[in-house]
Amino acid sequence: MDRIAARRATMSRPATAFLSQPEPRTIGSFARGRQLCAGNFLFAGQLVQAEGKSIWQITPPDRAFAAELHGFAWLDDLAAVGDGPARKTAQAWIAEWIARYGAGRGPGWTADLAGRRLIRWISHAFLIMRGQEAEPTDAFMLSLAQQSHFLGRRWQAARPGLPRIEALTGLIYAGLSLEGMRDYVGPANAALARECDATISPDGLLASRNPEDLLDIFTLLTWAEMALSEAEVPPSPALQGAIERIAPILRSLRHADGGLARFHGGGRGLEGRLDAALAASGIKAAAPGGMAMGYTRLNAGRTTIITDTAPPPLGAVAGDAHASTLAFEITSGRRPLIVNCGSGKSFGPEWRRAGRATPSHSTLVLAGDSSARLGPSGPTEDWLVSGPRDVPVQTRRASDGLRLEAAHDGYVSRFGLTHARSIDMTFDGRGVAGEDMLLALDGSDQRRFDAALDATTLDGIRFDIRFHLHPDVDATLDMGGNAVSLALRSGEIWVFRSEGRGEMRLDPSVYLEKTRLRPRATKQIVLSGRAIEYATRIRWSLAKAQETPVGIRDLEPDDAFAPEAEPTEHTD
């Protein structure tokens, strides 16, 4: 149906002109813009090197790569460069897209991609049309009109949630900016209001619990609200209400370095996008009690800890949900310290599945098993179909700081053991103390634990408590194996220690980023032992041993194209 609607839209010759142009609000990367001009095309975790070729002369390695090409978000990066060669590159590639695909052909004719593309073309129209001849400018304006009519007919075909919000925001941009498209504004504004109510709960929750998805939705909503307000069209109360609900949630999911907590398939977010979206909203409040969308935030001094303290989303709403209950991340100032491995989606199905498992998160793993499980087969094999359901959580002020207490029942049905975790942070943020417990709470759980213990011939049920480190952390295990020194690039030194039975070691780990060609090597601290009693306790602590010097060491360039991202995957 999209293809038929696209051909119908492009068979007409609607005339249009700009009535107004929204201020460009997207944030691009100067480094990525330079790489594009040099013929290095990095999208969806894959790199194609094709020096001297246009972006449309390469062969996309997969659908995700092709979708990023046709969505034109890369125009933000060329605009960030902004010089003559970058402008000419943008003009040439848009003209080529119109010649190749403008008649309704190709993979770019879906509602969400059309919405994303219209937002960029309209926002960067001055860059695109500046110094351009009349013929390509006329073709550009004609294509804008045709895509607007296509989107006006087909926005309902976009999947609910983020894709549909992207389509409707693009339609609002077109309706407000282009001559003859005003009739689309009212219906798109009303439809966006309905989508806000359907997608964002009264508490500001997103069903997938993916923080980066929430940021993307919030960014689009703020763009739509500002565009409507600037055109003196009243935004719907539902749109404004959704923005007011989401902003405090995102503030609570923001680390001290400005990045998002990486949970349930989400990344840190594009550099600067979170702060820009929050500033544009004008809403400064954070979620009360530091609890937001199933996450709990502790912050003191320059340190933040964000913990997943809710059941994972199960079934069709789960999206790319991870088995991460009670996992946490710690950031000190501008430096991530303890992290989760992240989403492996851009590295293929095996990495995606591995990234979703509990061992890829900074939490306790029992018997090498995840606390939540993917469906074994059939149409739900990609969904989490079982996992923790009871996750009590409490935060309070202790005598010398803040305290979080939480637990989950994800291992009870298999081993009879509840995982409980407490985390204490001092008021100055310089000390963190934690305790992980495995507890058989009642007679039924104890009998289940006894059966699981018998199956090990009383050797005990192995557990591993994992603390994945950011790749920029330099970790050293001391000679006695009793402590790990963690050096940050800022000059800070943190020391990790543990108490009680079990061993402590440094193991290899990975850090998964969709802007990289391959996983980054890093390390993890692992505390291992065996549960042989109804109550097993393991204590650990982190203490800052050295202050951060103020200097240029903490100011580093964009590393999206760091040496490990060398172009070895694809050539055209």
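**Figure 1. Surroundings of His70 in the predicted model.** Leaving aside neighbours within four places in sequence, His70 is in contact with Trp56, Trp97, Tyr101, Pro107, Gly108, Leu113 and Arg117. The structure shown here and in the following views is a predicted model. His70 belongs to helix H3. Its relative accessibility is 3%, and because buried means under 20%, His70 counts as buried.

Figure 2. Within H3, the buried residues are Phe65, Ala66, Leu69, His70 and Gly71. The N-terminal end of H3 is capped by Asp62, which has a side-chain oxygen 3.3 Å from the backbone nitrogen of Ala64. Just after H3 comes Phe72, whose phi is positive, at about 65°.

**Figure 3. Packing of helix H3 against helix H6.** Two packed helices are described by the angle between their axes and the distance between the axes. Helix H3 covers residues 63–71 and helix H6 covers residues 111–123; they pack at an angle of about 40°, and their axes are 8 Å apart. That angle makes H3 oblique to H6. On the H3 side, the contact is made by Ala67, His70 and Gly71, and on the H6 side by Leu113, Arg116 and Arg117. By class, the residues of this contact of H3 with H6 divide into 2 nonpolar, 2 polar and 2 charged.

**Figure 4. Packing of helix H10 against helix H12.** Helix H10 (residues 185–199) packs with helix H12 (residues 237–252) at an angle of about 35°, and the axes of the two helices lie 8 Å apart. The crossing of H10 and H12 is left-handed. H10 contributes Leu192, Ala193, Cys196 and Asp197 to the contact, while H12 contributes Ala238, Leu239, Ala242 and Arg245. The contact of H10 with H12 has 6 nonpolar residues, no polar residues and 2 charged residues.

**Figure 5. Asp213 and its spatial neighbours.** Asp213 is located in helix H11, which comprises residues 211–230. With a relative accessible area of 27%, Asp213 is partly exposed. Leaving aside neighbours within four places in sequence, the residues in contact with Asp213 are Leu162, Leu206 and Ser208. The view also includes Gly266: Asp213 and Gly266 are 53 residues apart in sequence, and their C-alpha atoms are 6.8 Å apart in space.

**Figure 6. Ala367, a loop residue with a positive phi.** Ala367 has a positive phi of about 55°, although Ala367 is not a glycine. This residue is placed in the loop between strand S8 (364–366) and strand S9 (373–374). Its relative accessibility is 40%, and Ala367 therefore counts as partly exposed.

**Figure 7. Thr457, a loop residue with a positive phi.** Thr457 is not a glycine, yet its phi is positive, at about 55°. The loop that holds Thr457 runs between helix H16 (443–454) and strand S15 (461–469). The relative accessible area of Thr457 is 66%, and because exposed means over 50%, Thr457 is exposed.

Note on methods. Residues numbered from 1 in each chain as written. Predicted model: local features only at pLDDT ≥ 70, side-chain atom pairs only at ≥ 80, totals over all residues. Heavy atoms only, no water. Axes fitted to C-alpha atoms, helices over the stretch in contact; angles between N-to-C directions. Helix = DSSP H or I, 4+ residues; strand = E, 2+ residues; numbered from the N terminus. Parallel < 35°, antiparallel > 145°, perpendicular 65-115°, else oblique. Contact = heavy atoms within 4.5 Å. Nonpolar A, V, L, I, M, F, W, Y, C, P; charged D, E, K, R; others polar. Left-handed = near helix turned anticlockwise from the far one by under 90°. Buried < 20%, exposed > 50% of the residue type's maximum accessible area, 1.4 Å probe, protein only. Polar contact = N/O pair within 3.5 Å; in protein donor to acceptor, adjacent residues only side chain to side chain.
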